[in-house]
Amino acid sequence: MTTVAFKTVGCRMNQAETAEFEAAFRAAGFRVVATNSDSCDVCIIHGCAVTAAAERESLRHARSMRRQHPAALILVAGCSAEKILRMDDPATAAVDRLVGQADKHRLPAIVAQALDLPTTATLPGSELTVDGWRGGRRTRALVKVQDGCPFRCAYCIVPSLRPLQTSRPSADIVAAVRRMSEGGCREIVLTGANLGCYHDQDRRLPELLHALADIPDGPRIRLSSIESSTVETAVIEIMAESDRICRYLHLPMQSGDDAVLRRMGRRYTVADYRDRISFACRHLDNVGLGTDIIAGFPGETETEFENTVRVVEALPFTNLHVFPFSARPGTPAASMADTVPASVKRERVRFLNAMGAAKQARFAMQQVGRPVTVLLERVRRGIGSGWTGEYLPARVTGKDLTVNQLVKATVSDSDDGMVAINGRNP
Ligand code: SF4
């Protein structure tokens, strides 16, 4: 049987799509193996192009796979294969073939043709119909419900890499999640290029959430990041009504300065953003709040950066993702004068990351004495680890712990941003 291994770089949506590819290759008669297995006929790197670092990582994996499996067919698929990489570039010497966004859902057929195999299998049905979750060692199931972004943030390459807007029919998603739930899945994560733009006729993300939360004994539901200025207030209201939906909201802020937000082409002001966070805090008791911030956007002055620091200080974030600005060719920001020296960007990232760590530690401390629900992803020598609904890492000690178990218990302690549950006390 022909063996195929996958390596994913990038966001949760890429991970969800890789799970779909794996399912499609199995359905087409391939055997999916780990990248470090002894024998591997095909290696597929599902690459990312959102930052230059992600692009380099895709190529590093290609070179490493070439060293491990010299005779394998090596493909790079997805965003980085779309507009960024070129086969005539020496950097792609380890790669046999690039498969862009439009073709990646035909990967089994492309590989079969390249290896002259007797199959022409493609993904069954539309590109969004395969359920990636198969249980086993995986706990969370990533469910891609939407693709494409109609916004035009100046720094972002996604709209040109994923220009087509599609949403998976909600009835199809509900049926798939019901099947996953019957198979033992305890948590699904809804993903999309711009999740807040989900649209199936008159059903938007809030209606989809209602339908998923109504599945009897269904899994808990987590949202990946959602753009402010889409449907976030309706989503917060549903979170407040349903204990099935994890109380974790990731709203990318990117900057706490209005002039920088304007240059970035974001669709809100700092005041709008602060209103959304206040709304969430009024409606949700004990909510995890995540955000993304770009440090050193072209022209970001010391004063503009300090404005961001002040907003981060004032808002009750519990999880900060901070990135240094990196110009993506083909975006408007790539032609702006990049005035912030690399050393200043590094220092701004370091400063914000330190603030993020302190905020997460404070939130973890506030959980002591509160009930939480932890999905165990790993159990070793009687110690389980996983994540709370509010997206804090958790360590659980107790008897009879198993992977994929939802443990409801009171937090006994916290340590450096992690909560501890000692002796499981339901
Ligand atoms: S909302 Fe902005 S940052 Fe997010 S994918 Fe769309 S263009 Fe990119």
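The paragraphs below lead through the aromatic pairs of this structure and then turn to one asparagine. The model is predicted, so local features need pLDDT of at least 70 and side-chain atom pairs count only at pLDDT 80 or more, while totals for chains, interfaces and linings use all residues. Residues are numbered from 1 along each chain as its sequence is written, and side-chain values use heavy atoms, with hydrogens and water left out.

A search of the whole structure finds nine aromatic pairs (rings of Phe, Tyr and Trp, the last by its six-membered ring, with centres within 6.5 Å; planes under 30 degrees apart count as stacked, over 60 as edge-to-face and the rest as tilted). Tyrosine 248 and tyrosine 391 form a tilted pair, at 5.0 Å centre to centre with 50 degrees between the planes. Because tyrosine 248 lies in strand 12 (residues 248-250) and tyrosine 391 in the loop between strand 16 (383-388) and strand 17 (393-397), this pair ties together parts that are 143 residues apart in sequence (helices, H or I, of at least four residues and strands, E, of at least two are DSSP runs, numbered from the N terminus).

Asparagine 194, placed in the loop between strand 8 (187-192) and strand 9 (199-200), is buried, with a relative accessible area of 2%. Leaving aside residues up to four places away in sequence, asparagine 194 touches several residues, among them Gln146, Phe151 and Glu227 (contact means heavy atoms within 4.5 Å).

Terms used:
Buried means under 20% relative accessible area, exposed over 50%, partly exposed in between (1.4 Å probe, protein chains only).
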